[in-house]
Amino acid sequence: MMAALALGAETRAPMSIAVLGGLSVSTVLSLLVVPAFYVIADRMKTRVGARLGKKPDAESGPHPPRTDEPRPATHG
């Protein structure tokens, strides 16, 4: 028996279209739109920071480890 001729197939077809459409839209959003928005927002943050005289994130990132602290002993 074919799936399109089974009982209730007329109610399952719209549901499958909605599911496949939702998967397609969510894939496009998560792979293209969200990263593009992140890049745009990061560039805007850099430009606004430059206008305000702030350093870029790369220069004001985490500080290097302190050298006056003892290092843990390594066995080997």
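Modeller: Helices, of at least four residues, and strands, of at least two, are DSSP runs numbered from the N terminus. The model under discussion is predicted.

Colleague: What span does H1 reach from its first C-alpha to its last?
Modeller: H1 has 43 residues, for which 63 Å is expected at 1.5 Å a residue. The span in the model is close to that figure, at 61 Å.

Colleague: At which residue does H1 bend?
Modeller: The bend in H1 amounts to about 40 degrees. Its location is Leu29.

Colleague: Is Val33 buried, partly exposed or exposed?
Modeller: Val33 belongs to helix H1, which covers residues 9–51. It also contributes to a nonpolar surface patch of about 550 Å², with Leu29 among the other members. Buried requires under 20% relative accessible area and exposed over 50%; because the value for Val33 is 42%, this residue is partly exposed.

Colleague: Which residue with a positive phi follows H1?
Modeller: The phi in question is near 85 degrees. The residue is Gly53.

Terms used: Residues numbered from 1 in each chain as written. Predicted model: local features only at pLDDT ≥ 70, side-chain atom pairs only at ≥ 80, totals over all residues. Heavy atoms only, no water. Patch = residues over 30% accessible without salt bridge, like charges linked within 9 Å, V, L, I, M, F, W, Y side chains within 5 Å. Areas by Shrake-Rupley, 256 points an atom, 1.4 Å probe, with all protein chains shown as cover. Salt bridge = Lys/Arg side-chain N within 4 Å of Asp/Glu carboxyl O. Buried < 20%, exposed > 50% of the residue type's maximum accessible area, 1.4 Å probe, protein only. Expected span 1.5 Å × (residues − 1). Bend = angle between axes of the 7 residues up to and from the residue.
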